[in-house]
Amino acid sequence: MRRSNFIVIPSAAEGSLVRQGRSLRALRLVGMTLLISSCSLAPDFTLPDTATPEVFNESGLPTTTGPQCHWQEAKPLAKEDRGLWWKIFDNAELNDLEKQAGDANQDLQTVAARVAEARATAESNSPSFLPDFDIGGNAVRAKSPSTAGVGFGVPAVQQKPYTLYSATGTLSYEVDLFDSVRDNYKAYSLDADAQEAAYKSTLLSLQADVAQNYFTIRALDAQRKLLRDTVTMREEAQRIMQHRFDYGEVGQQDLSRTQTDLASTKADLLSLDRQRTISEHALAVLLGKLPEQYTIAEASLDGMPPPLPPGLPSSLLLRRPDVASAQFTMAAANARIGVARAAFFPTISLTANGGYQSTGLSNLFLWSNRTWALGQVAGSAITMPIFDSGRNLARLDFAHAQYDEAVANYRQQVLVAFRDVEDNLTNQHLLADQYIQQNIAAQASQTAEDILQKRYKEGDVDFFQVVQAQRDSLAATRAAIDLRGQRFITTVGLVRALGGGWDDVKADTATEPAPADVKPETAPTVDTSAKPPEESPKTESPAPDTTPVTLPAPEAPKAEAPAVPTPLIDTPADLPPPTQMQPETPAVQPTTDSQFPSSGARHPLVP
């Protein structure tokens with residue numbers, strides 16, 4: 001190395017080392033560029049913690065509450081198979097209805113089309129690993145300016161108009177710096193996943209709506225059959241009272257009471273007919289049919305809802321479609337944060353074009369007329385925002401706000417899911433207890449009615465005491481039938497809340513095993529053979545004991561219980577025997593109605 005006028009002049013060997021150093025720096029720059037281009041600016045996505053105890057509070061097992069119940073990481077189960085959950089009811093007609101709804105429901109087809117739209121949108125925004133290639137042609141008619149002559153007095157050369165023909169092809173490629181394109185594609189793909197989860201949510205709601213409408217119709221059918229039999233009985237009672245009125249044995253007030261009972265029962269029957277028709281129309285729309293072209297035959301509501309396994313795990317909630325949809329929406333918002341961050345960094349667009357240009361169309365594709373260009377013909381190949389009045393910063397704030405909203409919505413959706421399950425579990429347990437008590441009430445009211453009918457035949461009570469007992473028995477029986485229908489409907493609601501059935505679920509029963517001596521409930525059967533009270537001689541029946549009936553002490557010898565007639569509703573296996581539910585017979589109070597004669601006075605025409 002030598003110095004010349006304070007200028008350092010390197011030797012040949014030293015110059016070679018300098019060139020090698022420059023090459024290494026260039027390689028490092030290229031390597032850093034490639035490394036940066038493969039880095040995503042989106043935050044690492046993790047599911048937010050949610051407060052999920054191991055089992056539900058109403059599932060029959062102890063739950064973790066208080067300080068031990070914390071927000072823990074949720075594991076998505078959105079892709080788990082929910083199965084044909086309605087088959088737990090073992091109802092062939094319901095199975096057929098579910099198949100019809102899945103094939104023809106218009107709401108379901110609408111959501112399915114939205115899923116296809118979302119998938120196509122995501123595909124249109126997918127990153128391309130190969131450049132785009134376009135071809136085109138053009139024809140331009142132009143004229144160049146005139147050329148001034150050389151020298152004094154030389155006229156200007158006039159240029160003639162010409163037509164320029166061109167046929168070109170263009171290659172373009174946008175370098176995906178900081179994974180902006182990939183993050184954008186990921187966000188659209190997650191939007192499509194959320195839309196698919198919405199489709200599954202619509203499908204589950206459709207299946208649940210079909211089942212609930214079906215069980216509503218069947219419960220109404222059971223009540224309608226009961227009321228039709230009651231109308232027949234009260235029509236006969238009115239006929240008897242009309243005979244007695246015609247012979248002057250009763251007054252107008254007594255006849256009006258029987259007419260009121262008959263008309264009220266017919267009105268109740270018409271109300272049930274109206275409710276059934278509306279439910280039938282709703283079921284027709286769910287099946288994709290016109291309401292006026294669809295009818296479902298009347299049938300009874302058989303059996304009881306399937307029993308619930310004790311200790312349902314709370315992880316079942318994670319397969320709910322609405323929870324999965326909220327999760328995918330949250331992940332998409334996270335990916336869009338990366339897109340918003342990448343807008344602050346440079347973008348690189350690579351372009352190359354080539355083709356042919358000629359003023360004659362016949363010789364356009366001659367090799368001598370070829371043209372080519374590398375780089376942007378218009379604009380810049382590398383662009384970087386310097387000042388944009390804060391628009392990119394606002395877009396980044398918007399992306400963060402969208403993510404925060406999605407997180408809050410996800411957590412709220414989980415809380416709502418827990419509430420839905422707990423509500424339906426509460427309904428399951430309390431409706432079962434209420435049904436048992438209502439069944440007892442129906443049996444007791446039927447027993448009271450039978451006793452009063454027997455005493456009426458013996459002339460100890462008047463006719464309207466029997467009518468009141470019939471009213472009470474009818475109301476109790478209708479309530480029991482309605483509760484049984486509600487239990488079916490609530491079971492379907494629990495399936496909806498859990499996101500599917502529980503046939504393949506292994507319940508956590510280690511804490512408290514299920515009792516082994518619990519017998520399944522049996523469906524109550526309605527005795528429709530009730531007849532209006534008949535008047536008969538009282539020679540064969542002894543006078544009834546009008547003192548209140550009391551149960552003996554457990555250790556004392558038990559007196560012989562009176563015969564109990566067949567109850568209106570069958571007793572489940574876990575109810576006490578009818579003798580333990582024998583109602584106290586009230587003392588007979590003398591009637592003060594002067595227009596109502598003693599039931600001992602009978603007309604020969606009255607049976």
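What share of the contacts in the protein chain with a separation of 6 or more comes from residues 24 or more positions apart? The share is 85%, with contact taken as heavy atoms within 4.5 Å. The structure is a predicted model, in which local features need pLDDT of at least 70 and side-chain atom pairs count only at pLDDT 80 or more, while totals for chains, interfaces and linings use all residues. Residues are numbered from 1 along each chain as its sequence is written, and side-chain values use heavy atoms, with hydrogens and water left out.

The protein chain holds eight helices and nine strands; these are DSSP runs numbered from the N terminus, with helices being H or I of at least four residues and strands being E of at least two. Of its 607 residues, 35% count as buried. Here buried means under 20% relative accessible area, exposed over 50% and partly exposed in between, with a 1.4 Å probe and protein chains only. The accessible surface of the protein chain comes to about 34,700 Å², and 56% of this belongs to carbon and sulfur atoms. Such areas come from the Shrake-Rupley method with a 1.4 Å probe, and for residues only the protein chains shown count as cover.

Just after α5, G288 takes a positive phi of about 75°. Within the helix lies D254, which counts as buried because its relative accessibility is 0%. D254 and Q242 are twelve residues apart in sequence, and their C-alpha atoms are 9.5 Å apart in space.

Salt bridges, defined as a side-chain nitrogen of Lys or Arg within 4 Å of a carboxyl oxygen of Asp or Glu, come to a count of 24. One of them joins the side chains of D209 and R496 at 2.8 Å, N to O. D209 lies in helix α4 (residues 180-246) and R496 in helix α8, so this pair ties together parts that are 287 residues apart in sequence. D209 is partly exposed at 27% relative accessible area, and R496 is partly exposed at 26%. In another bridge, R182 meets D176 at 2.8 Å, N to O; R182 is partly exposed at 31%, whereas D176 is buried at 10%. R320 pairs with D322, with the closest N and O atoms 2.5 Å apart, and R320 is buried at 5%. A network of salt bridges links E93, R218, D221, R224, R228, D273, R276, E280 and E298.

Helix α8 (residues 463-498) also contains V466, a buried residue with a relative accessible area of 0%. V466 and Y456 are ten residues apart in sequence and 7.4 Å apart in space, C-alpha to C-alpha.

Turning to the aromatic rings, a search of the whole structure finds seven aromatic pairs. One of them, W85 with W86, is edge-to-face, at 5.8 Å centre to centre and 80° between the planes. Rings of Phe, Tyr and Trp (its six-membered ring) pair if their centres lie within 6.5 Å; planes under 30 degrees apart count as stacked, over 60 as edge-to-face and the rest as tilted. Both W85 and W86 are buried. F89, Y214, F215 and F488 form one aromatic cluster.
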